[in-house]
Amino acid sequence: MKIVIGNVKREKKLLAGDGQYPRVLASVGISREEDCIQTEVQKAKLAQKYGADIVIDHTLTPKNYDVQKQIIEETDIPVSSIAVYDVAAKARYGERDCFTETDVLNGIEQKAKLGIDMMTIHASCLKKDLLYFEKSNRVIPCTSRGGTMVLENIQKTGCENFYFTYFDKILEIAKAYGVTLSLGAVYRPANIYDAVHENTMYWEEIRRNADLVAMAKEKGVACIVEGIGHCPVNLIPEVVKKSKAVCKAPYRVLTVSTDSALGFDHVSSAIAAATAVAAGADFVTAVSRSEHLGLPSHDDLKEAVISAKIAAHSGYIARTGDIGLDYSMAKERSIVGCRGTMQAAIVPEMTKEALQRYKADETKKCTMCGDFCALFASDNIRGKNARKD
């Protein structure tokens, strides 16, 4: 399934889904009242510079409208947000400790009017799931912030999940403003053990999301499904393929391949993301080294986006057999040396910085191999003169 992402206010739309190059999403947003809005806006601009296709605001305070407004104004790529964060933050920092169906619908329409292109909707966790928390054998029952916000609200109000009950009205808003819905994965596994031994609830949620996807298609609303989480690489292909087959929608991953890469989760995520894209995943959420530790710095975010771009491209090669970009790099290296060409780089800005940092000159011999450069020696063996252009 191919979709077009872009609010009615956005002139340039983004194509995604089957047959399209995998899209990378970068996360920004403030977590505390004292955090600086402009810092997160700068991160969003940095994410765009290094190749993110979509930026997601994860602001967890009532300032979310201001953050999203500035990001929309200062970037040129689609902006996504999490619908429940707004209303949950206002409830927590306001006079009430819960939110209503009116809060939910008004919040979604406000974001749509602002120009948000995509919204994560946590409609797949239900009132009956509260029993699951009592009986679950999972090590960690739920890792989704948005999902736990919705479930806590169900517990406080005694009402069914408003995002599920009023999903038809949410679809009307999405249709009117051209908003793509990203169906949240509340029960994606939060650790490898649960992915291997206790993942039944994830598949129940996938079936629920399949029903929501069908409703969205009937109303003409673009929709993607979120999935995976922590998962060993041997299981990722099966999870991706089965999830897509059940939901019949583009699939988004926020994934790592091991629980034990703390402080280096961008590496663990790149391994898992490449595997997922090879199996058919359409969207990759960039994970930083600070995942599970704290708010990412500018450098953390930059590194996360670059890692995700490389992972997505690697998976794309495996899935499609398209080696055109890599062939161009190889051909240029055969002529000028290992520095190749920036035109065939996955992340040109990264390549430009690397060329400057390592002072790559105009000869084939780089500072790693020097006179023992294999490319230079190969030219000698073949009787060719090394070109210096």
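Reader: Which residue does the side chain of Asp 117 meet in a salt bridge?

Author: Bear in mind that this is a predicted model. Asp 117 sits in the loop between α4 (101-114) and β6, and its partner sits in the loop between β1 (2-5) and β2 (14-17), 107 residues apart. The N to O distance of the salt bridge is 2.9 Å, and the partner is Arg 10.

Reader: Are Asp 117 and Arg 10 buried or exposed?

Author: The two side chains meet in a salt bridge, and the pair links distant parts of the chain. Both Asp 117 and Arg 10 are buried.

Reader: Where is Asn 7 found, and why does Asn 7 count as buried or exposed?

Author: Asn 7 is in the loop between β1 and β2. Leaving aside neighbours within four places in sequence, its contacts include Lys 13, Ile 116, Asp 117 and Tyr 177. The cut-off for buried is under 20% relative accessible area. Asn 7 has a relative accessible area of 1%, so Asn 7 is buried.

Reader: How many salt bridges does the structure hold?

Author: One of them joins Asp 103 and Arg 96, at 3.1 Å from N to O. Asp 103 counts as partly exposed because its relative accessibility is 22%, and Arg 96 is partly exposed too, at 43%. The structure's salt bridges number 17.

Reader: How many residues apart in sequence are the parts that Glu 303 and Arg 289 tie together?

Author: The side chains of Glu 303 and Arg 289 meet in a salt bridge of 2.7 Å, N to O. Glu 303 lies in helix α13 (residues 298-320) and Arg 289 in the loop between β10 (283-285) and α13, so the parts tied together are apart in sequence by 14 residues.

Reader: Why do Glu 303 and Arg 289 count as partly exposed?

Author: Partly exposed is the range between the buried limit, under 20% relative accessible area, and the exposed limit, over 50%. Glu 303 falls in that range because its relative accessibility is 24%. Arg 289 does so as well, because its relative accessible area is 25%.

Reader: Which residues is Ile 108 in contact with, leaving aside its neighbours within four places in sequence?

Author: Ile 108 is among the residues with the most contacts inside the core. Neighbours within four places are set aside, and its contacts are then Ala 83, Met 119, Ile 121, Tyr 163, Ile 170 and Ile 173.

Reader: How many of the 11 residues of helix α3 (residues 83-93) are buried?

Author: The buried residues include Ala 83, Val 84 and Tyr 85. They pack against α2 (64-74), β5 (79-82), α4, β6, α6 (145-157) and α7 (162-165). Helix α3 is mostly covered, and its buried residues number eight.

Reader: Which residue of β7 is the bridge partner of Met 119?

Author: Strand β6 (residues 118-121) and β7 run parallel, joined by four bridges. Both faces of β7 (residues 180-183) are covered, with Thr 180 and Ser 182 buried on one side and Leu 181 and Leu 183 on the other. The partner of Met 119 is Leu 181.

Reader: And which residue in β8 does Ser 182 stand opposite?

Author: Three bridges join β7 to strand β8 (residues 223-227), and these strands run parallel. Opposite Ser 182 stands Ile 224.

Reader: Which residues make the nonpolar surface patch of about 330 Å²?

Author: One member, Val 267, is found in helix α12 (residues 265-279). Val 267 is partly exposed because its relative accessible area is 42%. The patch is made by Val 233, Phe 264, Val 267 and Ile 271.

Key
Residues numbered from 1 in each chain as written. Predicted model: local features only at pLDDT ≥ 70, side-chain atom pairs only at ≥ 80, totals over all residues. Heavy atoms only, no water. Core = buried A, V, L, I, M, F, W, Y, C linked by side-chain atoms within 4.5 Å. Buried < 20%, exposed > 50% of the residue type's maximum accessible area, 1.4 Å probe, protein only. Contact = heavy atoms within 4.5 Å. Helix = DSSP H or I, 4+ residues; strand = E, 2+ residues; numbered from the N terminus. Pairing = 2+ DSSP bridges. Patch = residues over 30% accessible without salt bridge, like charges linked within 9 Å, V, L, I, M, F, W, Y side chains within 5 Å. Areas by Shrake-Rupley, 256 points an atom, 1.4 Å probe, with all protein chains shown as cover. Salt bridge = Lys/Arg side-chain N within 4 Å of Asp/Glu carboxyl O.
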